[in-house]
Amino acid sequence: MSKVYKIFAYGSLINQQSLTRTVPEARKIMPVKTRGLKRVFNLASTYRYDDQHQAAVCVLNAETAEPEQAMNGTCFEMDEHSLDRLLEREKGYDFCRITAWHYHDESASFDAYYFKARDFEPYRYLSASKAQAHYLNLCLSGCAVFGQSFVDDFISSTSFWDIDEAGQNAIWQGHF
């Protein structure tokens, strides 16, 4: 019998179409939350590109936060035979263990895994980019399946980097 992995998704994998393209065998998809992490737009994509701006699209990363800070996402199960495809998609990330709770009921927790970028230079959010907006909308449409409060929690627990008009200084942006 193969091992079953529970995966915490906090970005484009929240979108079930995106998830199905990579892990068609994903099952038991549910809304969850975790603590001690924050979602940040600060990572250059290795495969999403904006032709108009001649730049990589900025994608989401998870970073350590205060222990009480909550971040929502989804969790799905998959077997170890499907894990290789997911690890290939998420190359450049470490595969880390966390504790998650069901989004609507925190009475029971379970162990899951998430992906955290390793050894990267903070990258900017391309606020004028249609390709960037497409990625954000992919994430938000995935959240919408679970209701408006889930979307609101996604937005409130997400931050991003931007570049000032001179193009020289990274500016931390608290929210969208």
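Of the 176 residues of this protein, 49% count as buried, where buried means under 20% relative accessible area, exposed means over 50% and partly exposed lies in between, with a 1.4 Å probe and protein chains only. The model is a predicted one, in which local features need pLDDT of at least 70 and side-chain atom pairs count only at pLDDT 80 or more, while totals for chains, interfaces and linings use all residues. Residues are numbered from 1 along each chain as its sequence is written, and side-chain values use heavy atoms, with hydrogens and water left out.

The protein has four helices and nine strands, taken as DSSP runs numbered from the N terminus (helices are H or I with at least four residues, strands are E with at least two). Along the sequence they follow the pattern β-α-β-β-β-β-α-β-β-α-α-β-β. Contact here means heavy atoms within 4.5 Å, and residues 24 or more positions apart account for 71% of the contacts with a separation of 6 or more.

Phe110 lies in strand E7, which covers residues 109–117. Lys6 is 104 residues away from Phe110 along the chain, yet their C-alpha atoms are separated by 8.8 Å.

| Residue | Relative accessible area | Class |
|---|---|---|
| Phe110 | 16% | buried |
| Cys75 | 2% | buried |
| Cys143 | 0% | buried |

A search of the whole structure finds zero disulfides, a disulfide being a pair of cysteine sulfur atoms within 2.5 Å. Cys143 is in no disulfide, and the nearest cysteine sulfur, that of Cys139, is 7.0 Å away.

The largest pocket holds about 360 Å³ of space. A pocket is an open set of points on a 1 Å grid over the protein atoms alone, where a 1.4 Å probe fits and protein lies on both sides within 12 Å along at least five of seven lines; lining residues have an atom within 4 Å of a point. The volume is the space filled by probe spheres set on the points, which are joined across faces, edges and corners. Of the 25 residues that line this pocket, the closest to its centre are Leu43, Val59, Leu60, Glu90 and Tyr93. Strands E1 (4–9), E3 (37–50), E4 (55–64) and E7 each supply at least two lining residues, and the largest share, six residues, comes from E3.
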